[in-house]
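Dear colleague,

Please find the structure below, followed by a summary of what was found in it.

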Amino acid sequence: MQTTETKTTYNQPNARGYFGDYGGKFVPEILIPAITALEQEYQKAQNDPEFLREYHELLEEYVGRPTKLTFADKLTAHYGKAKIYLKREDLCHTGAHKINNAIGQILLARRMGKTRIIAETGAGQHGVATATACAKFGMECIVYMGAEDTVRQKLNVDRMQLMGAEVREVTSGSQTLKDATNEAIRDWVTNVEDTFYIIGSVVGPHPYPMMVRNFHRVIGDEAKRQILEKEGRLPDYLVACVGGGSNALGLFYPFMDDDVQIIGVEAAGYGVDSGQTAATITKGTPGILHGSLSYLLHDQNGQIELAHSISAGLDYPGIGPEHSFLHDSGRVQYHAVTDEEAMEAVKLLSQKEGIIPALETAHAFAWLENLMPTTSKDEIVILNLSGRGDKDMKTISENL
Ligand SMILES: *Cc1c(COP(=O)(O)O)cnc(C)c1O
């Protein structure tokens with residue numbers, strides 16, 4: 001067992017699943033027994049050495065962890081300021097961080113005797129990670145995906161189907177992630193006896209935001225160990241893109257008590273004031289969506305607004321409750337970059353480092369344009385390279 005548990009005074013959420021004012025369990029009554037059972041089982045699993053051993057063994061042997069912390073020498077030279085290190089979640093099996101969480105949750109599902117797995121997906125990365133875990137564990141897999149996303153991310157639909165998952169196209173609403181999540185929750189309510197809902201980010205009712213964060217903290221635990229080995233000290237800045245916020249919290253969480261500036265980058269879409277944005281913290285106000293209270297893009301009548309981002313994985317009007325807390329407390333700074341800025345960043349990273357990032361990830365890189373000029377040569381930046389861009393090649397080609 002190799003957990004590098006960081007000692008921390010940062011102690012969120014509370015027993016009721018609140019991160020400050022945010023979080024909770026806003027679910028239909030019929031789901032209360034299911035999430036209570038999940039909470040109890042997760043509590044046990046977290047303290048079960050055998051569960052943790054199997055989880056870490058799968059991360060090592062199947063996912064390919066630990067992922068590298070690569071020094072980006074060309075990108076560093078380009079800005080001529082702080083040293084830039086990349087935490088290479090793009091090197092995980094299936095090409096993004098999401099598999100860390102899918103593996104953790106499927107182990108829980110098996111422990112609870114569930115045989116049928118459901119999931120929602122936007123870019124398809126969580127769907128692919130879930131389909132992968134289901135194939136490996138021999139479980140039935142149903143993935144809800146907005147019809148618009150099935151077009152944008154056809155390659156991921158094909159991958160899921162090849163691995164034996166059933167992909168259900170959702171044609172309601174904006175036909176994207178929000179609507180796919182609605183359908184997944186509807187399915188869960190109907191089939192709660194034998195079904196486990198694998199949620200793909202730090203969103204949903206308690207205990208999901210906490211659980212998903214904990215399954216991803218391996219990113220930050222490794223990064224901390226790796227930067228201490230390479231530089232003998234902690235970084236000055238952490239940067240990650242934020243959709244629901246799971247890759248970001250995975251990196252950030254083990255550094256909460258450290259003297260490190262932490263930056264989350266949202267998708268501004270056409271611009272934060274364009275009316276076509278996914279910058280939830282920047283433009284939203286608190287409200288309830290998909291089981292928890294958090295910042296949300298909604299109008300005065302409480303109607304959820306359509307989010308827009310060039311990257312399907314950030315195209316969501318909500319955000320995990322822990323991010324809302326971290327924003328209000330000032331511990332994490334949130335910024336937003338546009339579709340266009342993200343596309344420029346895809347080009348820059350591809351040409352400078354020979355790494356094609358996912359469009360989601362490109363948002364974190366785009367913020368370097370603002371951050372780097374304010375840094376100095378003796379400082380260190382760690383950026384979470386949440387996923388690779390192969391899935392986005394069609395969108396990238398059309399926009400170049
Ligand atoms: C899904 C995804 C994201 C956004 O999800 P978070 O929960 O915010 O991490 C970011 N990057 C990649 C590569 C993704 O697949």
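**Aromatic pairs and the ligand site**

The structure holds nine aromatic pairs (rings of Phe, Tyr and Trp, the last by its six-membered ring, with centres within 6.5 Å; planes under 30 degrees apart count as stacked, over 60 as edge-to-face and the rest as tilted). One of them is the edge-to-face pair of Tyr10 and Tyr253, with 6.0 Å centre to centre and 70° between the planes. Tyr10 lies in the segment before β1 (18-19) and Tyr253 in the loop between α11 and β10 (261-269), so the pair ties together parts that are 243 residues apart in sequence. Helices (H or I, at least four residues) and strands (E, at least two) are DSSP runs, numbered from the N terminus.

This is a predicted model: local features need pLDDT of at least 70, side-chain atom pairs count only at pLDDT 80 or more, and totals for chains, interfaces and linings use all residues. Residues are numbered from 1 along each chain as its sequence is written, and side-chain values use heavy atoms, with hydrogens and water left out.

The ligand is surrounded by 19 residues (each with a heavy atom within 4 Å of it); the closest are Lys98, Ser201, Gly245, Ser246 and Ser386.

- Lys98 lies 2.7 Å from a ligand oxygen atom.
- Asn247 lies 2.8 Å from a ligand oxygen atom.
- Ser386 lies 2.7 Å from a ligand nitrogen atom.

The protein covers 97% of the 380 Å² of accessible area that the ligand has on its own (Shrake-Rupley method, 1.4 Å probe).

Yours sincerely

Note on methods
Polar contact = N/O pair within 3.5 Å; in protein donor to acceptor, adjacent residues only side chain to side chain.
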